[in-house]
Amino acid sequence: MEYRQLGHSGLKVSKLVMGTLTLGGRAGFEQAGNIDATQARRMLDIALDHGVNLVDTANMYSMGLAEEVLGKALQGKRDEILLASKVRTPMGEGPNDGGASRYHIIRECENSLRRLNTDHLDLYQLHQWDGETPIEESLAALDHLVQSGKVRYVGTSNYNGWQMMKAMATAREHHLVRPISQQVYYTPESREAEYEILPVGRDQGLGTLIWSPLGEGLLSGQVRRDKQVSSDHRQGTDWPEPYVHDWERAYDIIDTLVEVGDGHGVSAARVALAWLNDRPGVTSLIVGARNEDHLKDNLASLELKLSEEEINRIEEVTRPVPIYPYWHRAMNGTDRPEPADEPFMEGFRKTMGL
């Protein structure tokens, strides 16, 4: 296992992270998985044996049940891993049961600690931007949790580029704890994070953790053109994610991943993970398997070495369109390139034939 520094912190995390969306299975999360504490402990042992040192969860997963299951599975192993959770999503019907207010953040942190049966979180992340709570208030609450010892580091999840910059600038201005990481959605099919989010991470020294790098099972190889998806697969249910704006393009991408995988005798999932893990700006991929076989297959992606031709083939078929101002910069801004997004600008220039 390779370990990478998480942003501008001294913390090192494994290239693959164990996700826990599949733990619990209630309150609408049944389609994602219903792993109990016994199975979760077995999967945790497998992950630890492969060198995984970070486990990621959230209070909203199965409305707290995922944290409870993880807390039981971690008994006797808490000191062997880094533990991350998130806050922001409504956890009840009350007017203050959601958001990033000081009230909600501190209360939900204490609830997460209780469910996880631990006295601290190594990484606590704002799960979404809150358009009503001043970011100063949210960051001050996180700063309080760090100062009190309940949280070691803080991060964000699903922020726009400008929101991330506003959070970083506010933290500096008010001398509050700065986020060290951002958690974002980024897959071979969905590379929109390259427009602003990955570049801001590279520029600001943020670690970038990728959630659902297989697109909620979309890129597992089981979703194919003109093929009925099994009802025991997440994409064979009415699970709402991911949003796919061009299904023909998505099927072309899946076909490519399957073909490359066939050449190595491995799954399309392994190919997708191997390709993503070496993309510019990526720190770690969060894998949330539904069973031990899936977890082992995901972990095996670390051993897959794609050729330069295969890497370029996947990059070409998955390349996002050069939206403004990127197409304009590709034409007129090459004399003074921006290091943070130059790796992505290269693809735009190829698309435009420049």
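Why does Met-331 count as partly exposed? The relative accessibility of Met-331 is 48%, so the residue counts as partly exposed (buried means under 20% relative accessible area, exposed over 50%, and partly exposed in between, with a 1.4 Å probe and protein chains only). The model is predicted, so local features need pLDDT of at least 70 and side-chain atom pairs count only at pLDDT 80 or more, while totals for chains, interfaces and linings use all residues. Residues are numbered from 1 along each chain as its sequence is written, and side-chain values use heavy atoms, with hydrogens and water left out.

Met-331 is found in helix H11, residues 326-332 (helices are DSSP runs, H or I, of at least four residues, and strands are E runs of at least two, numbered from the N terminus). Pro-325 lies in the loop between helix H10 (308-318) and H11. Tyr-324 and Pro-325 are joined by a cis peptide bond, with omega of about 5°.

Two residues other than glycine have positive phi values. For Ala-27, phi is near 55°; Ala-27 is placed in the loop between strand E3 (16-19) and helix H1 (37-49). With 48% relative accessibility, Ala-27 counts as partly exposed. His-175 is not a glycine either, and its phi is positive at about 55°. The loop between helix H5 (161-173) and strand E8 (181-185) holds His-175, which counts as exposed at 71% relative accessibility.
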